[in-house]
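Hi everyone, thanks for coming.

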Amino acid sequence: MKRSRQHLLMLLFLLPSTLLLFNSCTGCSPSGRNRSRDKVINEVVRPSKGGANDNNLSTLYKNTCPGVLLIYTSTEEATLQGTGFFIASNGIAVSNYHVFKSTLVGKETVRTIDGTSYKIERVLESNQNLDYIIFQLKDCHNNSFLRIASNEPIIGEDLFAVGNPKGLELTLSKGIASSFREGKNLIQTTTEITHGSSGGPLLNMKGEVVGITTSGYGEANLNFAINIQKLNLKRFIRE
């Protein structure tokens with residue numbers, strides 16, 4: 001009897017402490033801790049709606065490809081290969097002058113991503129010093145033309161190019177704007193530009209053309225593109 005009374009007194013003594021312990025323990029159960037953890041994780045890793053992540057490189061590449069051209073030209077001695085791109089829906093396109101230099105008129109083949117081949121109807125403008133040519137394709141209407149950036153890139157800005165190096169169609173390369181050369185006529189970039197990519201678009205991460213890829217050197221990853229702002233292409237664009 002005495003022992004039972006002692007047990008009862010002990011329980012009464014411990015009860016307030018036990019209740020206090022349970023009341024102060026928020027999320028003590030494993031399931032409660034998991035729910036709290038999952039809530040935090042979901043807030044951190046849940047993808048945001050809209051924003052810069054939507055303009056990822058894969059999407060930009062996919063959107064750019066239909067506006068890029070594969071070009072073959074012929075001289076008396078050889079066949080040359082380069083790249084170009086649409087700037088307007090009525091078949092107006094841009095490439096490098098040196099892709100067409102000394103080539104035979106009518107011997108060129110300009111091909112789009114779907115395999116359709118075109119001939120050049122007329123040359124609208126060319127400049128050997130700046131190394132560009134603007135031309136219009138015959139009976140061509142293409143709404144996949146590329147947008148022209150309204151501003152030059154800044155040094156350190158991410159850029160990418162789509163070209164046809166050695167005939168390997170629609171090859172993607174990525175880099176940054178490294179510097180400007182020749183009074184800002186040229187953009188220096190780490191974006192790789194190799195033989196056959198000449199005349200293709202150099203783009204910013206909005207998918208806008210900032211330059212025309214023109215040359216590259218293996219040493220120190222030196223690559224160059226004509227600054228698109230030097231061409232005043234608004235004269236030719238009819239959307």
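Glutamate 169 is partly exposed, at a relative accessible area of 38%; here buried means under 20%, exposed over 50%, and partly exposed in between, with a 1.4 Å probe and protein chains only. This is a predicted model, where local features need pLDDT of at least 70 and side-chain atom pairs count only at pLDDT 80 or more, while totals for chains, interfaces and linings use all residues. Residues are numbered from 1 along each chain as its sequence is written, and side-chain values use heavy atoms, leaving out hydrogens and water.

Which residue forms a salt bridge with glutamate 169? That is arginine 111, with the closest N and O atoms 2.7 Å apart. A salt bridge means a side-chain nitrogen of Lys or Arg within 4 Å of a carboxyl oxygen of Asp or Glu. Arginine 111 lies in strand β4 and glutamate 169 in the loop between β8 and β9, so this pair ties together parts 58 residues apart in sequence. Strands (E, at least two residues) are DSSP runs, numbered from the N terminus. Arginine 111 is also partly exposed, at 26% relative accessibility.

The structure holds four salt bridges, so let me show you another one. Glutamate 152 and lysine 184 meet at 3.2 Å, N to O. Glutamate 152 sits in the loop between β7 and β8, and lysine 184 in the loop between β9 and β10, so parts 32 residues apart are tied together. Glutamate 152 has a relative accessible area of 29%, and lysine 184 has 37%.

Technical notes: Helices (H or I, at least four residues) and strands (E, at least two) are DSSP runs, numbered from the N terminus.
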